[in-house]
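Biologist: Can you put the model up? I have a few things to go through.
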Amino acid sequence: MGSASIGFQSGISARFDRNLNLRSDITVSSLPCKVDVSRKSFLSAATSTHNKEISNRARVCSLPNTDEKLETPLLDSIETPSQLRNLTVKELKVLADEIRTELLSVLWKTQKSVKPSLAAIELTLALHYVFRAPADKILWDAVEQTYAHKVLTGRWSSIPSRQKNGVSGVTFRLESEYDSFGTGHGCNSISAGLGLAVARDIKGKRDRVVAVIDSVTITAGQAYEAMSNAGYLDSNMIVILNDNRHSLHPNMADGSKASISALSSFMSKIQSSQIFRKFRELAKAMTKKIGKGMYEWAAKVDEYARGMVGPTGSTLFEELGLYYIGPVDGHNIEDLVCVLREVASLDSMGPVLVHVITEEKRDAETANIVVKDRRTYSDCFVEALVMEAEKDRDIVVVHAGIEMDPSLVTFQERFPDRFFNVGMAEQHAVTFSAGLSSGGLKPFCIIPSAFLQRAYDQVVHDVDRQRKAVRFVITSAGLVGSDGAVQCGAFDIAFMSCLPNMIAMAPANEDELVNMVATAAYITDRPVCFRFPRGAIVNKNYLVPPGVPIEIGRGRVLLEGQDVALLGYGAMVQNCLNAHSLLSKLGLNVTVADARFCKPLDIKLVRDLCQNHKFLITVEEGCVGGFGSHVAQFIALDGQLDGKIKWRPIVLPDGYIEEASPNEQLALAGLTGHHIAATALSLLGRTREALLLMS
């Protein structure tokens with residue numbers, strides 16, 4: 001089978017057989033391009049006093065792992081993007097360095113990769129330099145690239161104070177007039193941008209629409225649907241492909257790529273120039289008048305010629321109906337400004353795609369500073385899966401999402417022929433897994449909870465309805481801290497457990513996770529899913545033992561008590577145990593049970609809890625309609641609610657919880673051990689103690 005990551009280098013392939021990506025060695029020899037940047041007075045008389053005050057309170061940034069203090073005076077003089085147009089291109093370069101320093105000084109504290117934002121700094125400056133936001137609409141496809149945009153639009157100083165863990169890694173709410181559309185999981189910028197462009201045309205306005213998409217999110221099918229529709233509608237809009245050289249296949253990293261050179265720079269400027277584009281339109285009009293055959297022949301010649309000049313695969317965009325320009329060096333501000341100004345200059349151009357090459361490796365040594373000092377549930381899962389795969393050659397892994405968890409590299413290296421990374425192609429991942437199952441393999445389809453939502457139709461029709469034995473591994477389940485509501489896995493319990501043939505389970509700790517991996521490998525007649533959260537495992541010194549399959553639909557009682565029963569699902573079992581500890585100090589001994597399964601529900605366990613207790617509290621890190629709803633359905637039909645039992649559910653609130661630390665999010669959601677214990681005390685009539693516990 002060979003090393004088998006599915007996808008395209010840089011996410012693009014013409015006719016899916018030719019790769020479009022560029023060499024990682026940018027060697028730009030810029031040709032002269034007259035960038036008409038008249039130098040206005042940088043500090044005008046009207047604002048000199050104000051800017052002097054700003055200069056006196058300039059930020060002092062410290063780079064990570066160093067005591068060096070650096071000032072950013074030019075950045076501190078910028079309060080709105082319009083002020084960029086007071087700068088020369090040379091000053092823009094200085095400003096880019098200051099923003100890079102500023103980003104490194106703050107973002108490294110989040111322990112996330114900051115490379116995408118660092119790579120997009122010059123592109124961001126050029127966009128705001130040429131286009132007049134917020135009148136012109138700039139849409140971002142991936143929030144990881146937007147931090148320079150946030151710096152320039154007056155929100156940077158407030159971001160670190162918004163949460164203790166630093167800047168949000170994914171969330172991008174409509175915080176200011178400069179945010180034209182909210183960024184979700186990616187691949188939505190072209191669709192939303194086209195909608196804005198059509199709305200502008202209908203309303204008779206003249207603003208520009210610019211949609212930025214990167215080489216990871218463009219692997220998603222929605223991007224191609226949007227480009228195809230944009231070519232058909234022929235509305236004026238600009239798509240910026242920020243090609244940051246990501247490749248799903250490790251062997252492609254040094255493969256055939258077009259290079260940035262003096263020639264490519266020159267040709268990009270020619271392609272974007274008004275004269276060339278007007279001449280091209282004139283030639284098309286003339287060949288139309290001559291006849292259809294002549295027009296089609298000329299179109300083929302044009303496509304062939306541009307394909308010869310452009311990088312491999314560039315004609316794919318032409319075939320979709322977008323005028324391709326590129327590649328352009330994304331770190332050469334002169335070239336970026338020159339090309340973008342030309343693109344923005346024509347009133348009637350249709351959709352245009354500008355292929356910009358950015359280089360994340362430029363700051364790799366400083367930016368790649370994520371520190372991992374704790375073992376995680378994902379580490380435990382991969383080790384357990386490796387053990388199962390060593391015993392069973394039919395086990396394969398399919399992974400989909402923006403980024404691959406580093407722990408999966410272990411499986412990829414151990415079984416390269418049995419590992420498939422498809423990138424942001426969740427729909428394909430699910431149906432591909434169903435096909436693998438039909439072929440006699442045992443696919444483990446690993447998708448973060450929030451991204452599995454994209455592929456729900458395939459889960460229903462291609463897997464569950466056909467009873468395909470796909471094993472869904474739902475990562476990042478529940479609250480996700482600084483990634484906020486966008487990547488929060490709130491809904492998977494509800495939307496997976498409602499499917500007729502699906503087995504839905506969740507481990508309470510690392511032992512149960514290992515056993516559920518073995519359980520999933522054992523099931524061959526229907527689909528199964530299990531979820532686990534981000535973060536550290538319960539036992540930090542945990543050594544993964546061999547997994548033992550769990551009896552399907554069988555929960556367990558962890559602690560025996562009286563009056564109140566706490567029935568937890570998944571990671572919330574640990575919070576139930578914390579609540580038990582708090583209540584024990586108040587003289588109460590409650591029962592704690594681990595449901596293990598949401599479907600099929602352990603009806604014997606639930607019935608026993610109802611018959612032996614006055615109160616039943618179910619606890620889950622999911623939305624309304626999940627585990628608690630299954631319990632309520634059973635006890636209502638079983639007549640348990642007609643007796644003495646009173647039931648209370650604790651679930652995520654009916655709303656979105658934005659970025660905060662994990663502990664803060666749990667507190668906001670009412671899912672901490674204190675909240676669970678307070679609920680139990682309230683049910684027992686000990687309201688004052690409940691209030692004291694929460695104070």
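Biologist: Which sense do β14 and β19 pair in, and over how many bridges?
Modeller: Antiparallel, over two bridges, with β14 covering residues 503–505. Strands here are DSSP runs of E, at least two residues, numbered from the N terminus, and two strands pair if DSSP finds at least two bridges between them. This is a predicted model, where local features need pLDDT of at least 70, side-chain atom pairs count only at pLDDT 80 or more, and totals for chains, interfaces and linings use all residues. Residues are numbered from 1 along each chain as its sequence is written, and side-chain values use heavy atoms, with hydrogens and water left out.
Biologist: What stands opposite M505?
Modeller: F597, in β19.
Biologist: What is the strand order of the open sheet?
Modeller: β11-β10-β12-β13-β15-β14-β19, seven strands with mixed pairing. β11 (419–421) and β19 (597–599) are the edge strands; each has a single partner, so one side of each lacks a neighbour in the sheet.
Biologist: Is C488 buried or exposed?
Modeller: Buried, at a relative accessible area of 10%. Buried means under 20%, exposed over 50%, partly exposed in between (1.4 Å probe, protein chains only).

How values were computed: Helix = DSSP H or I, 4+ residues; strand = E, 2+ residues; numbered from the N terminus.
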